[in-house]
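User: Hello! Could you walk me through this structure, one question at a time?

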Amino acid sequence: MDLEEHKSMPAPSSPAASLVGRFLVAAPSMPDERFQKSVVFICKHDDDGALGIIVNNKVDDLPLGQVFKQLGIEGPGADRPVLFGGPVETSRGLVLHSADYKRDETLLIEGGMALTASLEILKDMAGGSGPKNAWLALGHSGWAPGQLDQEMQDNAWLVVDADAELVFDANFDSKWQRVLDRLGGKGRPAGRFDPASYSHQTGRA
């Protein structure tokens with residue numbers, strides 16, 4: 001696992017249509033099996049493309065404590081899940097965390113979130129001086145310039161406001177449905193979202 005490759009993460013230019021700090025939620029009609037029922041927290045979205053972390057999928061049989069052990073780090077985390085952040089660069093680690101922790105290489109994200117890729121943050125997490133909330137993610141979700149915009153036009157994704165409580169919620173099995181349940185208003189009653197009723201609606205909420 002490599003946590004040193006992403007040390008330089010320049011701040012995005014944040015265009016008007018930027019989805020930074022929001023959830024990208026796989027629509028029931030999502031054609032890509034890798035992203036079906038996924039909830040992606042968008043960390044970067046600008047003219048160079050987009051980057052996000054899937055926050056409702058974990059790496060099986062790889063708790064954080066085992067990662068610490070593999071890296072020679074002493075500390076707790078035995079049962080803390082490690083996220084499968086997406087199908088891009090799955091051997092590289094990124095830490096999605098609360099913005100109370102910051103290093104020179106940290107990318108600050110709207111809504112009090114941040115993204116850091118370095119071995120030092122894992123050492124700080126193990127030693128008790130890391131961020132209040134954090135997920136280690138292996139891999140990430142990435143889109144080339146214009147690719148995400150096209151997928152939005154194809155109704156593959158819905159956009160939902162994000163918050164830290166849901167980002168760091170470890171109940172992965174129900175997270176997709178719970179995020180969709182936020183799609184009240186705009187002609188739909190608030191409450192449980194029925195995927196069967198979805199029929200190529202607009203991708204924004």
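Analyst: Gladly, and let me begin with the largest pocket, where β8 gives the most to the lining, with 3 residues. The model is predicted: local features need pLDDT of at least 70, side-chain atom pairs count only at pLDDT 80 or more, and totals for chains, interfaces and linings use all residues. Residues are numbered from 1 along each chain as its sequence is written, and side-chain values use heavy atoms, leaving out hydrogens and water.

User: How many residues of the lining of the largest pocket are nonpolar?

Analyst: Here Ala, Val, Leu, Ile, Met, Phe, Trp, Tyr, Cys and Pro count as nonpolar, Asp, Glu, Lys and Arg as charged, and the others, Gly among them, as polar. The pocket is lined by 15 residues, and Asp-32, Phe-35, Trp-143, Gln-147 and Glu-151 lie nearest its centre. The lining has 4 charged and 3 polar residues, and the nonpolar ones number 8.

User: Is the Phe-35 and Trp-157 pair stacked or edge-to-face?

Analyst: Rings of Phe, Tyr and Trp (its six-membered ring) pair if their centres lie within 6.5 Å, with planes under 30 degrees apart counted as stacked, over 60 as edge-to-face and the rest as tilted. The whole structure holds 5 aromatic pairs. For Phe-35 and Trp-157, the centres are 5.6 Å apart and the planes stand at 70°, so the pair is edge-to-face.

User: How many residues apart in sequence are the parts that this pair ties together?

Analyst: Both Phe-35 and Trp-157 are buried (under 20% relative accessible area; over 50% is exposed, partly exposed in between, with a 1.4 Å probe and protein chains only). Phe-35 lies in the loop between β1 (22–26) and β2 (39–46), while Trp-157 belongs to strand β9 (157–161), so the separation is 122 residues.

User: Which residues form one aromatic cluster?

Analyst: Trp-143 and Trp-157 also make an edge-to-face pair, at 6.0 Å centre to centre and 80° between the planes. That pair links strand β8 with strand β9, 14 residues apart. The one cluster consists of Phe-35, Trp-143 and Trp-157.

User: Which residue follows α2 with a positive phi?

Analyst: Helix α2 spans residues 119–127, and Ile-121, Leu-122, Asp-124, Met-125 and Ala-126 are buried in it. Their cover includes α1 (64–70), β5 (88–98), β7 (113–116) and β8 (134–143). After α2, phi is near 90° at Gly-128.

Technical notes. Helix = DSSP H or I, 4+ residues; strand = E, 2+ residues; numbered from the N terminus. Contact = heavy atoms within 4.5 Å. 1 Å grid on protein atoms, 1.4 Å probe; cavity = no way out; pocket = protein on both sides within 12 Å on 5 of 7 lines; lining within 4 Å.
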